[in-house]
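Good morning, and thank you for making time for this.

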Amino acid sequence: MELKDWMKIGDEAVDLMRRYLRIDTTNPPGNEMAGARFLAQVLDGDGIASETAESAPGRGNLVARLEGDRSLGGIVLHHHIDVVYADERYWTVDPFGGLLRDGYVYGRGALDMKSTGILQLVALLAIKRAKVPLKRDLIVLATADEEAGSRFGAQWVADERRGWLEGAEYALSELGLIAAGATPGRVPFASIVISEKTGLPLRLTARSDPGHGSMPWPDTAPHRLVRALGRLLAAERLPRILPEIQEYFARMASVLPAGEGAGYERLEGSLRDPAFRARFFADRHRAALVRTTFAVTMLKGSEKRNVIPPEAVADLDCRMLAGDDPEEIVAWVRQVIADPHVEVSLTSTPKVPNLSPPDTELYKSLADALRRRAPGVVVAPEIMTRFTDNWVFRRCGLHAYGFGPFVLDEGEWGRIHGNDERISVETLTAGVRCSTEMLLDMAAA
Ligand SMILES: [Zn+2]
């Protein structure tokens, strides 16, 4: 196979994709070992040795390395083997059937993220077969458990198999995509993920004397808690515009219909205008990109309607942007709550957010690859509002990005974690070419 046989390489990606989707790696329980064995077998077919390791029974992780001369740092191509559950009642096809229908491959994991894993794998095979000399190692890494917090996957690799990352400078993984223009003629908009917001697990605990529900008083534990939450939700924490976020919105403005992106070039100033601010914050995704968020998600009081409990508890999903300081946030929450009878605590150690700069050699190469994939596309750095494994690899000292050479409209990406998840043959075929060319650009000697 030669590197110009893109149709053939694409066909192979489609075939492997269908086989990979037939392996049920729903987490829990994960059973990623079955997926790791499949990947090992494919690699072995091309003479690429791999190492598989279980972090717990059935929880498989795999690494394989295509060696370069190491004059430059390696690139870790990682994906998670596990998928979220699929409720078959709402699917029109078997979520683990690997069905090919009307130009689409269907299955749980088609987008999130067995497809990215297959693109990385097939790119590696194609480069190996073409005997391209490399200046960087290319490291394929498949991990367990991303959908449930990565304890048995990326985190385990970072703690127990750090050698798998040896000599690496970069990590590349999921998300980031090319959003097709919603209307004909509209410019596509692509993002490369450079950071993720991370969670600060806040708990508010109000305490008071218990009593009978028939004779309440103002300062029962639940009443205190409700007032504290009210003060917290009403408090305005100032937005903070990271330079990368400013760049994201400035680029987005250039693809929005005339007028819609007015004010996006200078967000900090624009957000001081109450009318702009109200408009901007009405979009919950945009709002989350410029501030620390507080979502009250779990509430607990009495077990019985007529019992005033001695304790009332609220758990909050607080999400931090890169540069946020957990201690400062906790102190701020205490101050706006202003009630010494409401304790503010953390239920686990927070994951301090991290960020990879959008000016590295890899970032530039990714942007070039996206521009080749979708001519005219506007590329911007993106901060995800939710967690991915890239956070773990940044902690290991790598620059880590989310890269997806997938041109998708909203209807397609809305199937992630949803029903009838699928990927088109065209997207896979073009995607494998895009990924391979990008890796050659970065790593060919
Ligand atoms: Zn994922």
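Let me start with a term. By a nonpolar core I mean a set of buried Ala, Val, Leu, Ile, Met, Phe, Trp, Tyr and Cys residues that are joined through C-beta atoms within 7 Å. A residue counts as buried when 20 or more other C-beta atoms lie within 10 Å of its own. Please also keep in mind that what you see is a predicted model.

With that term in hand, consider the largest nonpolar core, which has 100 residues. Within this core, A13, I75, V76, V122 and Y401 touch the most other members. The element that contributes most is helix 3, residues 114-129, with eight residues. As general background, nonpolar side chains in soluble globular proteins tend to be buried together.

Leaving aside residues up to four places away in sequence, I75 touches R136, L138, I139, A168, Y170, L172, M442 and A443. There is also a second, separate core of 18 residues, and L200, L204, A312 and I329 are among its members.

Let me return to helix 3. Of its 16 residues, 13 are buried, and the helix is thus mostly covered.

I turn now to strand 6, residues 138-143. All six of its six residues are buried. L138, V140 and A142 point one way from the strand, while I139, L141 and T143 point the other way. Strand 6 pairs with strand 2 (residues 59-66) in the antiparallel sense over five bridges, and here L62 has A142 as its bridge partner. Strand 6 is also joined to strand 3 (residues 74-80) by six bridges, and these two run parallel. In that pairing H80 has T143 as its bridge partner.

Next, the relation between the domains. The C-alpha centres of domain 1 and domain 2 are 34 Å apart. Their contact draws 15 residues from domain 1 and 16 residues from domain 2. Which element gives the most to the side of domain 1 that touches domain 2? That element is strand 16, with six residues. Strand 16 covers residues 378-384, and six of its seven residues are buried. It pairs with strand 9 (residues 189-196) in the parallel sense over seven bridges, and E196 has M384 as its bridge partner.

Let us move to an open sheet of four strands, in the order 12-14-10-15, with antiparallel pairing. Strand 12 (293-300) and strand 15 (342-346) stand at the edges with a single partner strand each, so one side of each is left without a neighbour in the sheet. On average, neighbouring strands here are turned by 25° against each other, direction ignored. Strand 10 (residues 198-207) and strand 14 (residues 311-320) pair over ten bridges, with L202 bridged to L316. Two helices pack against this sheet. Helix 5 (residues 221-234) touches strand 10, strand 12, strand 14 and strand 15, and its direction makes about 140° with that of strand 10. Helix 10 (residues 326-337) lies across strand 10, strand 14 and strand 15, running at about 165° to strand 15.

Finally, an open sheet of three strands has the order 4-5-19, again with antiparallel pairing. Strand 4 (100-101) and strand 19 (422-424) are its edges, each with a single partner strand, so one side of each is left without a neighbour in the sheet. Strand 5 (residues 104-106) and strand 19 pair over three bridges, and V105 stands opposite I423. Helix 14 (residues 425-443) lies across strand 5 and strand 19, at about 65° to strand 19.

Thank you; I shall be glad to take questions.

Technical notes
Residues are numbered from 1 along each chain as its sequence is written. This is a predicted model: local features need pLDDT of at least 70, side-chain atom pairs count only at pLDDT 80 or more; totals for chains, interfaces and linings use all residues. A residue is buried if 20 or more other C-beta atoms lie within 10 Å of its own, exposed if 12 or fewer, and partly exposed in between; C-beta atoms are placed from the backbone. Two residues are in contact if their C-beta atoms, placed from the backbone, lie within 7 Å. Two strands pair if DSSP finds at least two bridges between them. Axes are lines fitted to C-alpha atoms, for helices over the stretch in contact, and angles run from 0 to 180 degrees between N-to-C directions. Domain bounds come from an automatic or database domain assignment.
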